[in-house]
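Thank you all for coming. Please have a look at the model on the screen, and I will then walk you slowly through a few parts of it.

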Amino acid sequence: MRFPRSIRWRLQLWYGALLVTVLCGFGFTAYHLEKSRRLRRIDEGLHSRLSLIVDGLRAGPERSGEKRRPPELRLTPEQASLFGGAEGYYYVIWMQAPQPIQISSAAPKAVPKPGAREEQLRVRGEFRETLLFAAPVNCVLVGRSIATENAELRNFGGALIAIGAAVLAAGLVGGWWLVTRALQPIGEIGAAAARIAEGDLSQRIENGDSQSELGQLANVLNTTFGRLEALFAQQANFTADAAHELRTPVTVILTQTQSALTRERSEEEYRETIEACQRAAQRMRRLIESLMELARLDAGQEPFHLEKCDLVKVVRDCVGLMHPLAAARKIAIEEEYSAAVCRGDAERLAQVVTNLLSNAIEYNQEGGKVWVSTHSKEGMAMVKVRNTGAGIDAADLPHVFDRFHRGDKARTASGHSGLGLAIVQAIVHAHGGSLNVESEVETGTFFVAKFHAEEP
Amino acid sequence: MRILVIEDEPDLLAGLARSLREEGYAVDTAQDGEDGLLKALDVNYDAVVLDVMLPRLDGWEVLRRLRQHKKTPVLLLTARDKTTDRVRGLDSGADDYLVKPFDLSELLARLRALIRRSASEARSVIDLGAVQVDTAARIVTRDAVPVVLTAREYALVEYLALHHGDVVTRTTLYEHLFDETDDSLSNLLDVHVSNVRKKLGPDFIATRRGHGYSIEA
C-alpha cells in the first residue's frame with residue numbers, strides 16, 4: 001500500500017479513527033440513556049399498576065368459609081381505565097393451577113404462568129411484564145407491549161447513526177481541507193527546492209504566512225538559498241577574475257613568442273623576448289601562489305603556529321626590511337611603539353605588516369611619509385599604518401578587501417595581483433582580529449589591524 | 001598605414017608594436033587612456049588597437065570620447081569574454097573585438113580587414129590594371145610577377161591603392177606612413193615614391209603638383 005505513506009493520508013486516517021471513536025462513544029451513551037429512561041418509565045407504570053391489582057384483590061370481602069374460592073378483584077372504573085387503552089397494560093392472575101383465574105381484556109393470548117423462581121421483571125418477546133407472588137392469590141402479573149418503544153428506540157438509534165455518519169463525513173472533508181491547507185507550504189517548499197536543484201538558484205519559496213511553523217521554515221530556507229546563491233556568484237566571479245588575471249600574461253607570452261618567431265632575430269632581441277616571457281610567467285606564478293594561499297586560508301587548512309607574539313618586535317623587523325623600498329621612493333617611515341602583545345603566528349603577522357607597509361609606500365607620493373605604530377587599548381593590541389598617498393575614493397573604500405579589486409580598475413605594471421589585501425584580511429580574521437581602513441582623497445589612507453591582547 | 005596601440009602592459013605593448021612595425025605599419029604607442037585619447041584625437045590613424053582595462057581612463061571612456069569626434073576604426077582588446085561585454089564593446093562604437101589571449105596572426109588579419117573596410121574595399125586584392133595589390137598576403141604583382149618592395153614602399157603603394165582615383169596629399173601620406181618616432185621633415189617620402197616608380201613603372205604614381213600623389217583607377 002502506497003497511500004498511507006503520505007503524511008496527508010496518515011493524518012486523515014488518524015483523524016478519521018479518532019472521530020469514529022468519539023462518535024461511537026457519544027452515540028452509544030445517548031442510545032442507552034434514552035433506552036433506560038424509557039424502560040424506567042414503563043417499569044414505574046407496571047409497578048404502580050401491580051400494586052393496584054394486589055390492593056384490589058386484598059380489598060375484597062373476607063370469605064373464610066369458602067376457602068377454595070378465588071378472591072374477587074375489585075377495581076374502581078378509574079383504576080380499570082388504567083388497563084387497556086393506548087398503552088395496552090394488562091394483568092393476569094393465577095391461583096395454584098397453571099390456568100389463570102382472571103385475565104384483563106388487553107392481555108395477549110396464552111400468557112404462561114411464571115415459575116416460582118422467576119425474576120420479578122421479565123421480558124417476553126415484545127412484552128414487558130412484572131410479577132408478584134403474593135396472597136391471597138398465587139401470582140399476579142402486570143405487563144404491556146413495548147413494541148412501540150422498541151420501534152421508537154430503533155428509529156432513535158437509526159437517527160443517531162445517520163447523524164454520526166453525517167458528522168464523520170463533514171469531519172473528514174473538513175480534515176482533508178485542513179490537512180491540505182496545512183501541507184500546502186510543504187508542497188511549495190518542495191517545488192522551489194526542486195527548481196533550485198535543477199540549477200536555478202534565484203528561485204525562492206513563496207511565503208504568504210511567515211508566522212506559522214512552516215512559514216518560518218520557508219523563511220529559514222529562503223535565507224539559506226540566498227546565501228548559497230551569493231556564495232555561488234562569489235565563487236563564479238572569483239573564478240572569472242582569476243581566469244581574467246591569467247589572460248594578460250598569457251597574451252604577453254603568445255604575442256612575444258609569435259612575434260619573435262616570424263623571422264631570424266638578433267641575440268639581443270631573443271633575450272628581450274625571453275625576459276618578457278619570464279616576467280609574464282613570474283606574474284602568473286605570483287597569482288597562482290596568492291590564489292592557493294587564499295584557497296587554503298578559506299578552507300582553514302593553513303597551519304598557524306599560535307604563540308605569544310610581541311607586535312613591537314614584528315613591526316620593527318618589517319620596517320627594517322622595508323627601508324630600501326622606502327628609500328628608493330624617498331619616503332620617510334616614522335615609527336612609534338608602545339607595548340602590544342597578542343597571540344598569533346609571528347610569521348603570518350609579519351606578512352600582514354609587510355603587506356600594509358609596502359602598500360603604504362607604493363601608493364604614496366614621492367618624498368611622502370609613512371607612519372607606523374603599535375599600542376594596546378581596551379584589551380586589543382593594534383598595529384596602525386598611515387600614509388600620505390592619493391587616498392581611496394569613498395566609492396571604492398568598501399571594496400578594498402575584495403578579491404581582485406583595484407583602485408583604478410586597471411592592471412598596474414607593478415604586477416600586483418589584486419589579492420594582497422584580501423590575503424591580509426583573511427590572515428587577520430584567522431587570528432580572530434579585525435582589519436579596518438579609513439581614507440581621505442588627497443590626504444592619505446589609514447589601516448588598523450586589531451588583535452586580542454595578551455599579558456606581556 | 002599608421003596605427004595607435006593603447007595598452008598598459010609594457011611587454012605586450014612592445015611585442016605588438018614590434019610585430020606591427022615589421023608588417024610595415026607606422027606605430028604609435030600609449031600606456032594609459034589619457035595619453036591614448038590625446039594621440040587618437042590628434043592624428044588621423046588608420047586604426048586604433050585599444051585595451052579595455054587602462055589606468056587613468058578606461059577603454060570604454062576612451063572609445064566614447066573618441067567617437068564624439070572621429071570615426072577611426074577601433075579594435076578592442078579585452079580579457080572579458082562574456083557576450084554582454086562583447087555586445088557592449090561593439091555597441092559603444094568599437095569596429096571589432098578580440099579577447100585575450102589571442103594569436104598575433106588573428107590580430108594582424110583583423111587589423112587588415114578593418115583598414116580595408118574603412119577604405120570601402122571589400123576584397124583583399126586591389127586590381128589596378130597591370131598591377132595588383134594583395135593586402136592579405138602583402139604582395140604586389142606587376143603582370144603577374146611579384147615585385148619585391150620594402151615595408152615602407154609597400155605601405156605607400158597600399159595606401160595609394162586603397163584610395164586609388166583620389167589625390168592624396170603629402171601631409172596625409174606623412175601622417176599615415178610615418179609614426180611619431182620618424183622625422184617627418186625629411187624627404188623620405190620622395191625617396192620612397194621614386195623607388196616605387198623604379199619598380200612598378202614611372203607612370204604608376206602620378207604627381208599632382210601642389211596637391212600630392214595619386215594612382216589612376
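In chain B, five strands form an open sheet in the order β2-β1-β3-β4-β5, and their pairing is parallel; strands here are DSSP runs of E with at least two residues, helices are runs of H or I with at least four, both numbered from the N terminus, and two strands pair if DSSP finds at least two bridges between them. Because β2 (26-30) and β5 (96-99) of chain B stand at the edges with a single partner strand each, one side of each is left without a neighbour in the sheet.

Before I go on, this is a predicted model, in which local features need pLDDT of at least 70 and side-chain atom pairs count only at 80 or more, while totals for chains, interfaces and linings use all residues. Residues are numbered from 1 along each chain as its sequence is written, with chains lettered from A and ligands numbered from 1 in the order in which they are written.

Let me turn to individual pairs. Strand β1 (residues 2-6) of chain B pairs with β3 (residues 47-51) of chain B in the parallel sense over four bridges, and Leu4(B) has Val48(B) in β3(B) as its bridge partner. Strand β4 (residues 74-78) of chain B likewise pairs in the parallel sense with β5(B), over four bridges, where the bridge partner of Thr78(B) is Val99(B).
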